[in-house]
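I opened the model to look up its helix packing and a few local backbone features. My notes are below the structure.

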Amino acid sequence: MAEQDSLPPLRRRLRRTIEASVADLDSDDLVIVGCSGGADSLALAYLAAETAQRGLIRAGAVVVDHQLQPGSDMVARRAADACSQLGLNPVEVVRVEAEVAELWREPVLAVGLLEVCFSFSVKAVHGLLGLRFRNRKRL
């Protein structure tokens, strides 16, 4: 019985979905996961790490420290540590400048939160990690 057949049905569906998402990537292409440390992003990090361990891709992570709450640096560090323990490499924590974080406290501007996080993640991938950024698709 093949390994895939021995997995629970939901796990098989997740694996097939991830495999389809990375089908046009080479095994040495690096997929960067944005991880907040929450259950959903850690699950994605786990799936990316599992896919990398199977040799389909390389996987790393970027964690954004939003500075919106006291201790956000520790939350970001724990998320980064969790990603590293899963085997993701490289893993970077990017700290949003205090002035930008302060803007998020305004209700109207908070709508741009995800776009700002994505922007900082792209800068981390491109600048901090020194990688060539290809905007082929967001998984």
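The entries go from the whole chain to single residues.

I am working with a predicted model, in which local features need pLDDT of at least 70, side-chain atom pairs count only at pLDDT 80 or more, and totals for chains, interfaces and linings use all residues. Residues are numbered from 1 along each chain as its sequence is written, and side-chain values use heavy atoms, with hydrogens and water left out.

**Whole chain.** I took helices (H or I, at least four residues) and strands (E, at least two) as DSSP runs, numbered from the N terminus. The protein chain has five helices and three strands. Read from the N terminus, the order of elements is α-β-α-β-α-β-α-α. I then looked up burial, where buried means under 20% relative accessible area, exposed over 50% and partly exposed in between (1.4 Å probe, protein chains only). Of the 139 residues in the protein chain, 32% are buried. For contacts I used heavy atoms within 4.5 Å. Among contacts between residues at least 6 apart in sequence, 70% join residues at least 24 apart.

**Helix α2.** I checked the length of α2 (residues 39–53) first. The expected span is 1.5 Å times one less than the number of residues. For the 15 residues of α2 this gives 21 Å, and the end C-alpha atoms are 21 Å apart, so the two agree. The buried residues of α2 are S41, A45, L47, A48, A49, E50 and T51. Their cover includes α1 (9–21), β1 (30–34), β2 (58–65) and α3 (72–86). After α2 comes G55, with a positive phi near 85°.

**α2 against α3.** I fitted axes as lines to C-alpha atoms, for helices over the stretch in contact, with angles from 0 to 180 degrees between N-to-C directions. The axes of α2 and α3 come within 9 Å and cross at roughly 25°. Angles under 35 degrees count as roughly parallel, over 145 as roughly antiparallel, 65 to 115 as roughly perpendicular and the rest as oblique. The pair α2 and α3 is therefore roughly parallel.

**α1 against α2.** The axes of α1 and α2 are 11 Å apart, at an angle of about 70°. That makes the two helices roughly perpendicular. This crossing is right-handed. R11, L14, R15 and I18 in α1 meet Y46, L47, E50 and T51 in α2. The contact divides into four nonpolar residues, one polar and three charged.

Which residues does a cis peptide bond join? They are N89 and P90, with omega about 5°. P90 lies in the loop between α3 and β3 (91–95). Most peptide bonds are trans.

**V91.** V91 lies in strand β3 and counts as buried because its relative accessibility is 18%. Leaving out residues up to four places away in sequence, V91 touches A61, A80, C83 and S84. From V91 to A79 I get 9.7 Å, C-alpha to C-alpha, across 12 residues in sequence.

How values were computed:
Left-handed = near helix turned anticlockwise from the far one by under 90°. Nonpolar A, V, L, I, M, F, W, Y, C, P; charged D, E, K, R; others polar.
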